[in-house]
Amino acid sequence: MIELKEVRKSFGKQEVLKGISLKVEKGEVVAVVGPSGSGKTTLLRCINFLEKPTSGEVIVGDLAVAAGRAHRKEVLALRRKTSMVFQQYNLFRHKTALENVMEGLTVVRKLPKAEARERSVRLLEKVGLGAKLDAYPSRLSGGQQQRIGIARALAMEPEAILLDEPTSALDPELVGEVLAVIRNIAKEGITMIIVTHEMSFAQEVASRVVFMDQGTIVEEGPPGELFARPKEERTRLFLSRFAPEGSYSI
Amino acid sequence: MKLDGAFIVEAFVRLLGAIPTTLLITFVSVACGFVIGTAAALLRIYRVPVLHRLASAYVTFIRGTPMLTHLFLIYFGLPYVVDGLAELLGLGFRSASIPMIGFAYLSFSITAGAYLSEVVRSGMLAVSRGQLEAAYSLGMTTPQALRRIVFPQALAASLPNLSNSVIGMLHGSTLAFTVSVVDINAKAQIVASTNWKFFESYLAAALIYWGLTIAIERMCGRIERRIGAYNRGGVA
């Protein structure tokens with residue numbers, strides 16, 4: 001489904017990803033956790049080439065794109081297989097909630113307007129914003145904006161959705177509504193990769209957790225195992241900052 | 001000296017006929033300048049090899065020299081180029097057949113282009129990187145993302161500067177009288193030449209320019225409210 005092969009990424013002299021290999025199967029929900037600066041977000045952004053990897057290969061579905069000789073058309077095709085939910089929502093500011101969701105459908109997928117509209121309305125209703133179709137993002141709360149961001153990502157019917165710290169910019173009381181929406185789509189069997197700081201959420205929703213530190217994958221495994229019995233010292237240290245050891249129930 | 005109120009009114013009425021010329025010069029130069037400016041801004045933002053240096057040189061040279069100088073350079077220089085080319089290609093066309101206002105159009109478009117490129121550039125830089133990334137994440141091509149997402153927001157962000165430029169060009173268009181184009185200002189001089197009541201005549205011209213400026217401000221304000229309706233942020 002999604003595969004990264006020895007992906008490396010450097011910004012100037014600093015190597016942020018030091019040869020990441022990761023495989024995500026169809027229907028999996030993978031949570032990527034780790035301290036800030038560990039390269040989680042960069043890893044996610046390499047999958048749709050918002051960051052161009054320095055070397056390595058990215059495979060989504062039947063399309064393999066090598067970092068070195070990625071052609072513009074290949075990158076475009078790769079991006080059309082996934083969609084992304086951003087930490088800062090990044091809704092199109094000059095478009096209403098409905099237009100935000102429709103935009104990709106009409107411009108990229110070339111769907112007729114009526115059909116795009118119908119699908120978009122349905123998705124906005126699904127994320128609980130059926131009453132806000134004509135509202136501009138600046139008039140909506142962070143939680144509402146992020147739910148629109150999720151609807152926009154879902155609308156493209158991607159092979160996988162990439163979520164980049166979807167609740168990190170939210171006020172604490174708004175986190176719940178966004179997590180509830182993500183929880184629902186996880187149940188539908190949509191492939192997702194979530195970079196998150198919400199450990200309990202990762203534990204609940206993810207079918208697999210990947211722990212990253214300093215540009216490498218330290219360890220990965222089912223949430224029950226990784227959170228309860230981390231094999232690596234670095235993982236233990238990281239998790240101990242979130243909760244006292246042993247307090248995770250399975 | 002006594003102010004001749006009646007003549008102000010008379011001059012005012014006679015000057016009205018020159019308004020189309022002034023507006024035409026203004027809008028042609030702003031419209032062409034906007035196209036030139038957008039191209040220059042894109043070349044610079046995307047650092048297109050070689051061309052972005054040319055664009056930068058164009059902007060600094062034009063902004064570093066007076067608008068009147070541009071007009072004279074075009075007025076005295078263009079005929080050489082046109083006639084030289086025509087001779088080379090064996091065409092019958094001669095620079096003498098270029099209407100005077102043509103020089104003003106060309107020269108002021110070049111002037112406006114340099115100033116507008118900075119307006120466009122600042123507008124585009126005001127659009128956050130995340131907007132472009134969101135467009136890319138949906139699979140849009142760069143032209144799609146620019147057209148659908150970046151330009152509309154950049155335009156909204158640059159409207160105050162844009163209206164400034166339009167007003168600047170309106171007032172700058174008076175320079176066209178130096179190449180014998182009869183705009184409002186030139187007409188004011190002509191109207192007063194029979195009775196030497198220049199003050200009254202120019203006062204009437206000033207009122208017309210003021211009125212036109214107010215109209216432009218209003219128009220821009222209206223457009224701003226309309227295409228900026230999404231924007232309820234900012235400090236004001």
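How much accessible surface does chain B have, and what share of that surface belongs to carbon and sulfur atoms? About 12,300 Å², with 68% on carbon and sulfur; areas come from the Shrake-Rupley method with a 1.4 Å probe, and for residues only the protein chains shown count as cover.

Before you click on, note that this is a predicted model, where local features need pLDDT of at least 70, side-chain atom pairs count only at pLDDT 80 or more, and totals for chains, interfaces and linings use all residues. Residues are numbered from 1 along each chain as written, chains are lettered from A and ligands numbered from 1 in written order, and side-chain values use heavy atoms, without hydrogens and water.

**Stop 1: chain B**

Select chain B and show the cartoon. You get nine helices and zero strands (DSSP runs: helices are H or I, at least four residues; strands are E, at least two; both are numbered from the N terminus). The C-alpha trace spans about 70 × 55 × 30 Å along its principal axes.

Colour by accessibility. Of the 236 residues in chain B, 44% are buried (under 20% relative accessible area, 1.4 Å probe, protein chains only).

Now select the charges. Chain B carries 18 positive side chains (Lys, Arg) and 10 negative ones (Asp, Glu); His and the chain ends are not counted. The centres of the two sets lie 11 Å apart, with charges placed at NZ of Lys, CZ of Arg, CG of Asp or CD of Glu.

**Stop 2: A:Ile193**

Move to chain A and pick A:Ile193, in strand 8 (residues 192–195). A:Ile193 counts as buried because its relative accessibility is 1%. Leaving out residues up to four places away in sequence, A:Ile193 touches A:Leu44 and others, including A:Ile2, A:Val24 and A:Ile161 (contact: heavy atoms within 4.5 Å).

Terms used:
Buried means under 20% relative accessible area, exposed over 50%, partly exposed in between (1.4 Å probe, protein chains only).
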